[in-house]
Amino acid sequence: MNYFKQNKISTWIIIILLATNVSTIATILINKNLNKQASQNSVEIVVPDNGLGRFFRDELGLTRDQHQQFRSLRIDYHINARKIAVQLKAERSEMLNELSAENSDTNNLHQIAAEIGELHRELKHLTFEYYLDLKEICTENQREKLFSIFNSMQNSEWELKFRRDSSDVRVPGYRRFKNQ
């Protein structure tokens with residue numbers, strides 16, 4: 001009788017282990033399939049380090065008139081963004097000088113931090129106004145592509161490199177982004 005009882009327990013253990021293995025394998029296969037579908041749905045966007053005007057013209061299929069408007073908006077944006085970048089650099093330098101002082105003035109540091117925050121806010125406002133202006137001159141299909149491009153560039157290695165290199169001469173190249 002003990003033999004049948006042990007055999008029954010062993011059978012149940014085998015059934016439980018089999019069910020666990022089947023569910024584990026099913027989970028792995030389902031996740032693999034979902035990841036494969038997600039990677040197929042993502043679009044790789046190759047953004048050049050320079051020549052963005054031509055890049056946007058070609059990617060969006062801008063007409064001559066749209067390209068002229070786009071170019072004017074881009075020039076205005078870059079002039080204003082550069083001014084803010086110069087101010088940010090000056091504020092950061094002032095903060096470092098204050099931090100390196102023998103008796104750093106925390107009130108002054110708080111003031112500098114507030115000014116840096118305000119400049120960042122201005123830059124973000126300038127950027128979304130630029131995007132909205134670009135969106136305004138685009139057709140519906142161009143807007144979707146414009147969003148994809150901006151979405152891939154936002155908070156990416158490209159944006160960080162662009163910020164670092166904005167005052168330097170950049171080495172020509174390309175950055176790849178997956179837009180999900």
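Modeller: Let us begin with a definition: helices (H or I, at least four residues) and strands (E, at least two) are DSSP runs, numbered from the N terminus. This is a predicted model, in which local features need pLDDT of at least 70 and side-chain atom pairs count only at pLDDT 80 or more, while totals for chains, interfaces and linings use all residues. Residues are numbered from 1 along each chain as its sequence is written, and side-chain values use heavy atoms, with hydrogens and water left out.

Biologist: Does T139 count as buried, partly exposed or exposed, and what is its relative accessibility?

Modeller: Buried means under 20% relative accessible area, exposed means over 50%, and partly exposed lies in between, with a 1.4 Å probe and protein chains only. T139 counts as partly exposed, because its relative accessibility is 42%.

Biologist: What pattern does the chain follow when read along the sequence?

Modeller: The secondary structure comes to 6 helices and 2 strands. Read along the sequence, these follow the pattern α-β-α-α-α-α-α-β.

Biologist: At what angle do helix α3 and helix α4 pack?

Modeller: Two packed helices are described by the angle between their axes and the distance between the axes. The axes are lines fitted to C-alpha atoms, for helices over the stretch in contact, and angles run from 0 to 180 degrees between N-to-C directions. Helix α3 (residues 64-100) and helix α4 (residues 106-137) have their axes 10 Å apart, and they pack at an angle of about 170°.

Biologist: Which word describes how α3 and α4 run relative to each other?

Modeller: Angles under 35 degrees count as roughly parallel, over 145 as roughly antiparallel, 65 to 115 as roughly perpendicular and the rest as oblique. The angle of α3 and α4 is about 170°, and these two helices are therefore roughly antiparallel.

Biologist: Which residues of α2 and α3 make the contact between these helices?

Modeller: The axes of helix α2 (residues 52-60) and α3 come within 11 Å and cross at roughly 145°. Contact means heavy atoms within 4.5 Å. On α2 it is made by G53, F56 and R57, and on α3 by H67, F70 and R74.

Biologist: Which residues does H67 touch, not counting residues up to four places away in sequence?

Modeller: H67 lies in helix α3, and it counts as buried because its relative accessible area is 16%. Not counting residues up to four places away in sequence, H67 touches G53, R57 and L62.

Biologist: How far apart in space are F150 and Y131, C-alpha to C-alpha?

Modeller: F150 lies in helix α5 and counts as buried, because its relative accessibility is 16%. The residues that F150 touches, beyond four places in sequence, are F56, Y130, Y131 and L134. F150 and Y131 are 19 residues apart in sequence, and C-alpha to C-alpha their separation in space is 8.4 Å.
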